[in-house]
Number of protein chains: 2
Amino acid sequence: MKEILGHVDKSTRGLISDLQALIRQPSVSAKNQGIAECAALVGKILSRSGIKPEILCLKKGVSPVVFGEVKSKKNPGRTLLFYNHYDVQPVEPVELWTDDPFSGKIRGNKIFGRGSADDKGELITRIKAVEAFLKKTGDVPCNIKFVIEGEEETGSANIGAYLKKYKTKFACDAVIWEFGYVDAKNRPVIGLGMKGLLYVELSAKEPAQDVHSSLAVIIKNPAWRLVEALNTLRDRSGKILIKGWYDEVVPFSRSDLKLLEKEPFDEKGFLREYKIKEFVGGKKGLAVKKALAGDPTCNIAGFVSGYTMQGAKTVLPSSALVKIDFRLVPGMDPKKQFARLKAHLKRNGFSDIAVKMYHGEAASRTSPDDPFVNAVKEAAGESFGNYIVNVSNAGTGPMHSFANILGAPCVSIGSTFVFSRIHAPNEFARLDLLKKTTKCMCLIIDRFAGQKRL
Amino acid sequence: MKEILGHVDKSTRGLISDLQALIRQPSVSAKNQGIAECAALVGKILSRSGIKPEILCLKKGVSPVVFGEVKSKKNPGRTLLFYNHYDVQPVEPVELWTDDPFSGKIRGNKIFGRGSADDKGELITRIKAVEAFLKKTGDVPCNIKFVIEGEEETGSANIGAYLKKYKTKFACDAVIWEFGYVDAKNRPVIGLGMKGLLYVELSAKEPAQDVHSSLAVIIKNPAWRLVEALNTLRDRSGKILIKGWYDEVVPFSRSDLKLLEKEPFDEKGFLREYKIKEFVGGKKGLAVKKALAGDPTCNIAGFVSGYTMQGAKTVLPSSALVKIDFRLVPGMDPKKQFARLKAHLKRNGFSDIAVKMYHGEAASRTSPDDPFVNAVKEAAGESFGNYIVNVSNAGTGPMHSFANILGAPCVSIGSTFVFSRIHAPNEFARLDLLKKTTKCMCLIIDRFAGQKRL
């Protein structure tokens, strides 16, 4: 391993130039900008590193998935899959960027540009780790696969279909997730789960046109209808009041709880950052961490009705619309929860309210006791000296599709500094973390390869 | 009287040409377009009709009030005041007008143009009625005053101050209100009241910036805060739950109730027009009419928070804002009600919600037993053959200021056909109703002048 890690140390220049090439190729999925070109470039970089690339396309209009593969000569029985994405967020507002968003400009320890961290930086550490093995040993310790999609930033609408169609091609024993954070104290966060999501829109459309508000004495107001309906959905502490909502929730395991107790969380810093006085329901300590990792939510993402500009207008609006995202936790099925929501509204006298489902994604959690987690922990400890294990991210990703379709444990770990401004202007990656993470990936491959098949 | 009414019949041409001149002078208060010019034109028309004009200006930046006066030689002890306005609503959307909005074009029985009905048409009937007396008798049966303001369409922000400053100049025994409807069956509606208004804005502004909605487990959502607060304000039937809200409400008098029972209201036509299934709280019959004339409301005029465009965005918004108009009824003081609202929010744990008052106006009702009402009823019966008496309009106007500061009963009656498209494209006035109403105004002056001072 020493030689392999040494090689990583010596090949920083190659890592940087490949990352710059990737950054300089725009690939904004929201605008379909440079998607095909970037997929081709990723294929070229994989190929140059000794990984056999293949551009897969589900159908016209869907971004291609770049598949990469290296078979292990000495250990063909175990396969590690890296899930990444080559698409990036839009760069707007452009005027807030110091350099061209696609420059790949280096200043000191930082490389700037859209995608430098999310997710081109992550991708490059994994490619370079595999390259190091190939360069130094002519082999890899286990089979390696890459699934690099192009629609992550717009919601991974087709990854499930890709996974189903290429189930055999993508077959593996473990998955390294596309992102991973390094916290303010330079500790990598090993993430074991993602929440699910149910995104819906409720709307009320009566009366037929906007009306003088003096008629509010006899005409029902659609904004009031939504307010009344919303109020039946949850209590002030955030608890959801829809019948059966929590029925299938899988509780934290003992191992999860042990991890949560250990997990650091800077309450004061968080309250200060967001300028808030207290957490929802007055939560403190472990309750805050449990909520982040395991509480379902019912969040109003948007509400609009009537006159919303400066000043006063006495109108009874003809329509009102609310967008709600429900975060789901393991055990909850988005379709089932949607049916419960609809039944709840009907039961409570809100049949006049239309309900539309935008998006459904189930939650996923890998057990802290899975041997693969141990491999990752060992590697992280060795390369960073320290690490944090996070039971579940509070956000949502298509982890359930990977875990479910491929039947493999998924763990997220990566090089993205927590204040890297991902999705924002002046996104950057730290060069020291890119190098450290590349070594960490080498160690993950090594430790995973050495584990026996369960 | 016969000669006077005959004169009105013969002078239709003068009425039309003066109204056309007024329509052709734009006077959009919302855009400060042509205000001073229109005030001057009104002064000229008054003067030509034998009414002494005076342009009053409270202070710079405030639209002038045109005051007009004719003293009665034979009956100087009684004064009738006409309240009107020379400003008009904006003409937008211009593309929906068949003719130029300021054309005064005549097609058959209709004269088209912004202000043709609201309120230049009403004003001209009153000027022409006074002119008829002066032309035929060289005198008026009682003193006549005109108060013609230029900010009615933007909320009459300064009429109270004008009334206070010119209390002596405007002193009178009765007021004819600026508007009046003629219903689909050609019956003039004699209106005895206007509701009051309290317009407020509630806003919640936490966290400091928009946040990824996964954090909704621990960060309070400002849209939820408003939904929770709103829900404490009223029940589903529309009843306001703020402590003391109804304490000072003056109930309907026996005379009011008698009038309400008689008042026609086409429930089916109304439900059809607005495509609604039922009235608020399932109201029917008398309850609907009582609500229109006498129920306070709490109406959501606007609500906005977060992402409201197409599709899904998982955001926890940093702010939420709701605009509410409360219609008030006689007895309710806008400032007192505002204090009650603030206290209610505080008491219910919503001190984090900011409350701003935009506008306050008290309600006003003239007693159906007031002798002035009889004078108007007699005149309406004689000129139209029939009439309806309406206890209170569901809308708001500065009637309370007139009734309170001048101490005079206010009654609304006029020439505006109920489907005249006021505030909308292709506004028009009916020539037959303008003539009939001018005669009705002559009869009102005559009957009022003949009544003894109370």
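Me: At roughly what angle do the axes of helix 1 and helix 13 of chain B cross?
Reply: Keep in mind that this is a predicted model. Helix 1 of chain B covers residues 2–10, and helix 13 of chain B covers residues 431–450. Their axes come within 10 Å and cross at roughly 155 degrees.

Me: Are helix 1 of chain B and helix 13 of chain B roughly parallel or roughly antiparallel?
Reply: The axes cross at roughly 155 degrees. Angles over 145 count as roughly antiparallel. Therefore the two helices of chain B are roughly antiparallel.

Me: Which residues of helix 13 of chain B make the contact with helix 1 of chain B?
Reply: Helix 1 of chain B brings Ile4(B), Leu5(B) and Val8(B). By class, the contact has four nonpolar, one polar and two charged residues. On the side of helix 13 of chain B, the residues are Lys435(B), Thr438(B), Lys439(B) and Cys442(B).

Me: Is the crossing of helix 1 and helix 13 of chain A left-handed or right-handed?
Reply: In chain A, the axes of helix 1 (residues 2–10) and helix 13 (residues 431–450) come within 10 Å and cross at roughly 155 degrees. That makes helix 1 of chain A roughly antiparallel to helix 13 of chain A. Their crossing is right-handed.

Me: How many charged residues are in the contact of helix 1 of chain A with helix 13 of chain A?
Reply: Ile4(A), Leu5(A) and Val8(A) of helix 1 meet Lys435(A), Thr438(A), Lys439(A) and Cys442(A) of helix 13. By class, four residues are nonpolar, one is polar and the charged ones number two.

Methods
Residues are numbered from 1 along each chain as its sequence is written. Chains are lettered from A and ligands numbered from 1 in the order in which they are written. This is a predicted model: local features need pLDDT of at least 70, side-chain atom pairs count only at pLDDT 80 or more; totals for chains, interfaces and linings use all residues. Axes are lines fitted to C-alpha atoms, for helices over the stretch in contact, and angles run from 0 to 180 degrees between N-to-C directions. Helices (H or I, at least four residues) and strands (E, at least two) are DSSP runs, numbered from the N terminus. Angles under 35 degrees count as roughly parallel, over 145 as roughly antiparallel, 65 to 115 as roughly perpendicular and the rest as oblique. Two residues are in contact if their C-beta atoms, placed from the backbone, lie within 7 Å. Ala, Val, Leu, Ile, Met, Phe, Trp, Tyr, Cys and Pro count as nonpolar, Asp, Glu, Lys and Arg as charged, and the others, Gly among them, as polar. A crossing is left-handed if the near helix is turned anticlockwise from the far one by less than a right angle, and right-handed if clockwise.
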